[in-house]
Amino acid sequence: MPVWEFRPQQFRATVKDPATNRYVSVAKVLGLARSESTWRTARAAERALQQASQTLSEGVHGRTMTVQAWWDVWTDNVLYRRPKPATNINNAERTSRFTARYGALALTEVDRRVVTQWRESGRNEQTIKFLRTMFSDALRAELIDSNPFAALGMARGHGNARREPPSEAMMARILNVAAAVCPPGFAAWLAVASSTGMRPCELDALKWADVDLAGGWFHVRREFCSKSFTFELPKNGEQRIVPMCAAARRALADLPRDSEFVFVNSHGNHWTKPARSYQWDRVRAESGWSESLYLATRHFAGWFMYSKLRLPAEDVAAALGHRDRGDLIRKLYGHFEHESALERVKAAVAASDELAIA
């Protein structure tokens with residue numbers, strides 16, 4: 001209750017801060033000393049509560065909250081936390097430098113001029129989407145009238161859509177090098193990743209209890225976040241099953257089962273991103289592959305299923321855990337098929353011409 005009797009003839013009160021949706025001490029809002037933090041009657045405490053409520057309301061609607069004050073709320077208050085700990089860590093990290101620089105400004109003072117200044121001062125483009133989210137939440141909290149980071153007209157990159165995965169020959173070389181220079185746990189990790197398209201964080205968390213050798217399935221029940229060092233639900237919060245191909249089955253055959261985890265390092269621990277990075281750098285150096293681990297595993301598997309096995313995009317999307325019914329698969333790998341598609345059309349037209357002449 002907002003007002004209560006703390007001791008005989010000593011009443012205290014709390015008020016809900018509309019900016020954070022938390023209850024705070026009325027005395028703290030009014031800037032009272034510790035000795036003044038109680039009232040002798042409930043009526044006096046209620047009057048103080050009304051005054052504190054008005055003060056907080058003016059603070060919100062008068063737009064007096066600073067960037068630093070909002071960042072403190074945004075990164076700490078449960079209302080603004082995202083489901084995944086890694087997302088919250090990224091949000092805080094990617095907005096901290098902007099806050100350190102402009103923290104004294106009122107939120108309403110951050111305009112396009114400030115945004116332009118920020119974008120032009122160093123390598124800050126990668127922070128824009130995080131700042132857009134931070135100010136979007138401030139807009140929803142009615143602390144600002146518009147989001148200065150919205151609708152900047154920034155060109156979206158192609159991501160992996162224009163980056164080719166390794167050829168089959170290069171992929172074979174990568175796997176051979178891994179088998180020669182890496183611990184068995186990482187060589188097998190790489191083989192399963194490149195043949196199934198499972199996400200690295202999913203493979204790091206894979207347990208033997210998740211492997212159905214008889215049925216030919218991997219059960220993706222969790223992922224390991226190397227940012228927060230915690231196990232979480234898979235992406236989108238959805239568990240799924242992944243088909244086990246022959247290459248993946250062969251990779252598992254000689255692995256020991258001393259740990260509950262399928263893929264372990266030389267210390268018997270499951271892999272993490274930092275630990276994997278060292279092994280992957282060795283494989284890249286020896287094989288001559290200069291691109292990313294993602295291209296050589298998940299991207300390669302998707303490309304192989306779609307472009308080589310000619311599986312429907314919807315089927316590949318299901319195997320990779322996409323929720324868009326194949327739209328991304330077509331976008332990522334469709335252009336690789338352009339020339340072969342033209343060759344197929346040419347052959348079909350030539351065959352039809354021959355039939356027409358006959």
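Trainee: The side chain of Thr297 has a polar atom; the backbone oxygen of which residue lies 2.8 Å from that atom?

Mentor: Please note at the outset that the model is predicted. Thr297 belongs to helix α12, which spans residues 293-308. At 2.8 Å from the polar side-chain atom of Thr297 lies the backbone oxygen of Leu293.

Trainee: Is Thr297 buried or exposed?

Mentor: Residues under 20% relative accessible area count as buried. Thr297 has a relative accessibility of 0%, and therefore Thr297 is buried.

Trainee: Beyond its neighbours within four places in sequence, with which residues is Thr297 in contact?

Mentor: Helix α8 covers residues 184-196. With sequence neighbours within four places set aside, the contacts of Thr297 are Trp189, Leu190, Ala193 and Ser194.

Trainee: Which helices each supply at least two residues to the lining of the second largest pocket?

Mentor: This pocket has a volume of about 410 Å³. Its lining has 20 residues, and those nearest the centre are Ala191, Ser194, Ser195, Cys245 and Ala247. The helices that each contribute at least two lining residues are α7, α8, α10 and α12.

Trainee: How many residues of that lining are nonpolar?

Mentor: The lining of the second largest pocket comprises 20 residues. Two of them are charged and three are polar, while the nonpolar ones number 15.

Trainee: In what order do the three strands of the open sheet stand?

Mentor: Strands β4 and β5 are joined by two bridges in the antiparallel sense. Strands β5 and β8 are also antiparallel, with four bridges between them. The order in the open sheet is β4-β5-β8.

Trainee: Why is one side of β4 and of β8 left without a neighbour in the sheet?

Mentor: The open sheet has the order β4-β5-β8. One side of β4 and one side of β8 lack a neighbour in the sheet because both strands stand at the edges, each with a single partner strand.

Trainee: Which residue of β8 stands opposite His219?

Mentor: Strand β5 comprises residues 217-220 and pairs with β8. In β8, Arg240 and Val242 form the covered face, whereas Ile241 and Pro243 form the uncovered one. The residue opposite His219 is Ile241.

Trainee: How far apart in space are Trp71 and His219, C-alpha to C-alpha?

Mentor: Trp71 lies in helix α3, residues 67-76. Trp71 and His219 are separated by 148 residues in sequence, and their C-alpha atoms are 39 Å apart.

Trainee: Which side chain is joined to that of Trp71 by a polar contact of 2.8 Å?

Mentor: Trp71 counts as buried because its relative accessible area is 18%, and the cut-off for buried is under 20%. Apart from neighbours within four places in sequence, its contacts are Ala92, Thr95, Ser96, Thr99 and Met134. The 2.8 Å polar contact joins the side chain of Trp71 to that of Thr95.

Trainee: Is Arg325 buried or exposed?

Mentor: Arg325 sits in the loop between α13 and α14. Its phi is positive, about 60 degrees, although the residue is not a glycine. Most residues other than glycine have a negative phi. The relative accessible area of Arg325 is 70%, and so Arg325 is exposed.

Trainee: What is the relative accessibility of Glu142?

Mentor: Glu142 is located in the loop between α6 and α7. Glu142 too is a residue other than glycine with a positive phi, near 60 degrees. Glu142 counts as partly exposed because its relative accessibility is 47%.

Conventions:
Residues are numbered from 1 along each chain as its sequence is written. This is a predicted model: local features need pLDDT of at least 70, side-chain atom pairs count only at pLDDT 80 or more; totals for chains, interfaces and linings use all residues. Side-chain values use heavy atoms; hydrogens and water are left out. Buried means under 20% relative accessible area, exposed over 50%, partly exposed in between (1.4 Å probe, protein chains only). Contact means heavy atoms within 4.5 Å. A polar contact is a pair of N or O atoms within 3.5 Å; within protein, one must be able to donate a hydrogen and the other to accept it, and residues adjacent in sequence count only if both atoms are side-chain atoms. Two strands pair if DSSP finds at least two bridges between them. On a 1 Å grid over the protein atoms alone, a cavity is a set of points where a 1.4 Å probe fits but cannot get out, and a pocket is an open set with protein on both sides within 12 Å along at least five of seven lines; lining residues have an atom within 4 Å of a point. Grid points are joined across faces, edges and corners, and a volume is the space filled by probe spheres set on the points. Ala, Val, Leu, Ile, Met, Phe, Trp, Tyr, Cys and Pro count as nonpolar, Asp, Glu, Lys and Arg as charged, and the others, Gly among them, as polar.
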